[in-house]
Amino acid sequence: MLDKSLTEFLEHRVAIHIGTRDDAMRPNGCRVTGVRVEDQGRHLVAYLPKAATPAVLDDLRSNGQAALSFARPTDDRAVQVKGEFISVRDADASEEAFVLDQWRSLIGELDAIGLAALTSTNTWLMWPCVAVKIRVTAIFSQTPGPEAGAVLS
Amino acid sequence: MSLGLEQLTPCFQGILPSMFFTCSRDGTPNAAFLSHVDYVDATHVALSFQFFNKSRRNIAENPYALVRVIDPDNNQGWALRLKFERSETSGPIFDRMFLRIEAIASYAGLKGIFKLKAADIYLVESVEQVSEEPGRQERWSTSGRRQPDAVFTMKALQELSARMTAADSLDQLLQSILSGIKEYFGFSHSMILLAGEKPNTLVTIASRGYPQGGAGAEVQFGEGIIGMVAEARQPIRISGLVRGMLYAYAAKKRAEERGWRPQEEVRLPGLENPASQLGVPLVVRGELVGVLCIESETPYRFHEEDKNTIALLGASLAIAIQNMQLKEAGDEPAAAGASAPAKSASGKKRQIAYYPREEVVMLDGDYLIRSLPARILWKLLQTHKREGRAEFTNRELRLDKSLGLPDFKDNLETRLLLLRRRLDEKAGDVRIVPIGRGRFALELGCAIELIEKS
C-alpha cells in the first residue's frame, strides 16, 4: 500500500513510465504524464498520453501486468510500483490541470539539472490522456545502488 | 541489415536518461532507468551492468527488452527493441564504458562500489519513433541529423601547428597550445598537466579560462577524468557529466545508508560544474608526457568525432612538448649580459619559510610550493642573500647535487616553469624571469625574510 510519504513522492516532480508485456513475453512501455493515488494507496490511476503506443493498452487488457517506474531527476531517487490492470477510460477535462501540474513539476526538476534543451522546446504530446486504473500489488526501491530492488511495501 | 543506429549516436551520450523495459519468465514486467546506452555498431548497443538488479535478472530469464532513448539535439524519443546477446568483461567496448564510469566514480568518491561489472551487448531488432515524444521538425527534414560542429578543421589544425612551431620555449609552446585551442577550436577552458616528480602523478603546468590558474595542482593516476586518462592512456569523453554524477551520488547515498564509508573526494581542478569533459593522453613512444583536458559547461559539447580528432592532435602535442623539454635541457646558457634586476624599494616585507623535512615553501604563512620547485626556490633565495647574485643558469642548477635532480630526464625546465607560474599566481613581487636561453633572474619587488624551519 502506498503511504502518505510515498504518495507525495509519486505525485510530484518525478519522471514516470509504465512497462507491460505481450503474450509472447516481449516488453512494451511508454511515458506517463502523471498519476493519482486513490483508495488509501491501494490503487493508482496512471494518465497515459493518448499519443502513446497502443501496444501498452493492448497488453494491459490482455494480461493485466504493469510496472510503473518513478524517478526524481535531481537526486535519482526511484520507486517501482507493480500492479494489475483494473480499467481504462478517457481522462476528462477536470483532471487536466492536476495531471499537467505534475508534468510541469517534472519539467522544473529537469531545468534544475541543466536539461534546458528538453524543457524549453518541449514538443511532446502529454495530453490528452487515458486514465488507467491499477491495483497496487508491490512497491520496490529503485534508487541506483546495491539496495536497488529492496521491497518497500 | 542497417537500422540507422549511426544516425542516433547523439542519443547515446548519456545526457538524458534512458528507460529500460524487461519481463521476467513468469510474465512480470519491469521498468527501470538506465544511466547509459552505448553505441556499438549499426545493429548493436551496449548497456552498462553495474548492479545485480531486477532488470539484469529478467534478462537472464528472458533475453528480450525494450529501451527508450531521447535525442538531445531535437527531443525525439526512440524505442529500440533489443535481444541480449552476450556480456563482455574486457575489450574496447568494455574499456570505453569502464573508463567513463570509473572517472565519474572517482569524482564521487565511489571507486570500487560504482563499478562496471560487464558491458551487456544487445542486438537491436528494430528502431521506432516514440509517438508521444515527437522531436522538433527542423532537425528531421530530408537532411536527417545535423552534423557535429566542424571545429577540428584542417585549417584550424594548420594554424595551431604554425603557432606551435613558432614557440621557442616550453612556456610559449604550452600557452600557444591552449590559446590555439580557444581561438581555433572554440574551447575556452583547458589545461595541460605534465608528468609529476612523484611516480604516477601529474602536475598542472598551464591552464586557460579559469579564474585561478591552478599551477602546481597535482592529480594522482586514476583520479577523475585526468587521472583515468593518464592511467589508461586512452582519451575519455564525457558528455552527460551532470547526469552521471547524479546517478553516482544516488548510489553513494544508498551505500552510505548501509554503512559504507566513502573515500575522500577528488576536487575537480577546473570548472565547478563541468557538463562535458574531454581528456586526451599526450604519449610519445609509449611514454606519458602529460594529459590535455578540455572542459565545457555545455552538455554534449564534445562529439565522438571531436574525441578522435583531438586524440590525433594529442600525439602531435606530445611530440612538440617532449621535443621542447629536450631542447631546453640541452641548451647552452646564453652569454650573461643583462644586469641583475634592481630590488624595488616598495618597503614591503614578506616572509618565506622553508620546511626541509616536508620540502615545502610557505609564503607569509600560506602554502606556496613543494618538492623540487621548493628546493630550487630556497636555493635561489639563499644564494641571493649570501652573494647578492640575482642571475642564474639552468646548468648550475643541474650540476648542483644538493638539489637532488635525477641523473636522467630531470625535467628541470618544466619544474622551473611550474615555479615561475606558481610565483606569478601567488607571490607577485617574487618572480623568476627568463633573460636568455638557459638563463633566468630572480626578481624581488620587496624585502624578504628567510626562515628555515627544523
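Reader: Where in chain B is confidence lowest, and where is it highest?

Author: Confidence is expressed as pLDDT, the predictor's value for each residue, from 0 to 100. In chain B the mean is lowest in helix α6 (residues 241–257), at 60, and highest in strand β6 (residues 77–88), at 96. Helices (H or I, at least four residues) and strands (E, at least two) are DSSP runs numbered from the N terminus. This is a predicted model, in which local features need pLDDT of at least 70 and side-chain atom pairs count only at pLDDT 80 or more, while totals for chains, interfaces and linings use all residues. Residues are numbered from 1 along each chain as its sequence is written, and chains are lettered from A and ligands numbered from 1 in the order in which they are written.

Reader: Where in chain B does pLDDT stay under 50?

Author: It stays under 50 over residues 139–148 of chain B and over residues 262–268 of chain B. Where pLDDT is low, the predicted coordinates should not be read in detail. For chain B as a whole the mean is 82, and 82% of its residues reach 70 or more.

Reader: Why are β10 and β11 of chain B called edge strands?

Author: Six strands of chain B form an open antiparallel sheet in the order β10-β9-β8-β13-β12-β11. β10 (218–220) and β11 (236–238) of chain B each pair on one side only, and are therefore the edge strands.

Reader: Why is β9(B) described as largely enclosed?

Author: A residue is buried if 20 or more other C-beta atoms, placed from the backbone, lie within 10 Å of its own; it is exposed if 12 or fewer do, and partly exposed in between. Six of the eight residues of β9(B) are buried, so this strand is largely enclosed by the rest of the structure.

Reader: Why are the buried residues of helix α2(A) said to lie on the same side?

Author: In α2 (residues 54–63) of chain A, the buried residues are Val56(A), Asp59(A) and Leu60(A). They cover an arc of only 100 degrees around the axis, which puts them on the same side of α2(A); the arc is that of the directions from the helix axis to the C-beta atoms. Pro54(A) and Arg61(A), on the other side, are exposed. Just after α2(A), Gly64(A) takes a positive phi of about 80 degrees.

Reader: What does Ala46(A) touch?

Author: Residues are in contact if their C-beta atoms, placed from the backbone, lie within 7 Å. Not counting residues up to four places away in sequence, Ala46(A) touches Ile18(A), Val32(A), Val35(A), Leu68(A), Val132(A) and Ile134(A).

How values were computed: Two strands pair if DSSP finds at least two bridges between them. Two residues are in contact if their C-beta atoms, placed from the backbone, lie within 7 Å.
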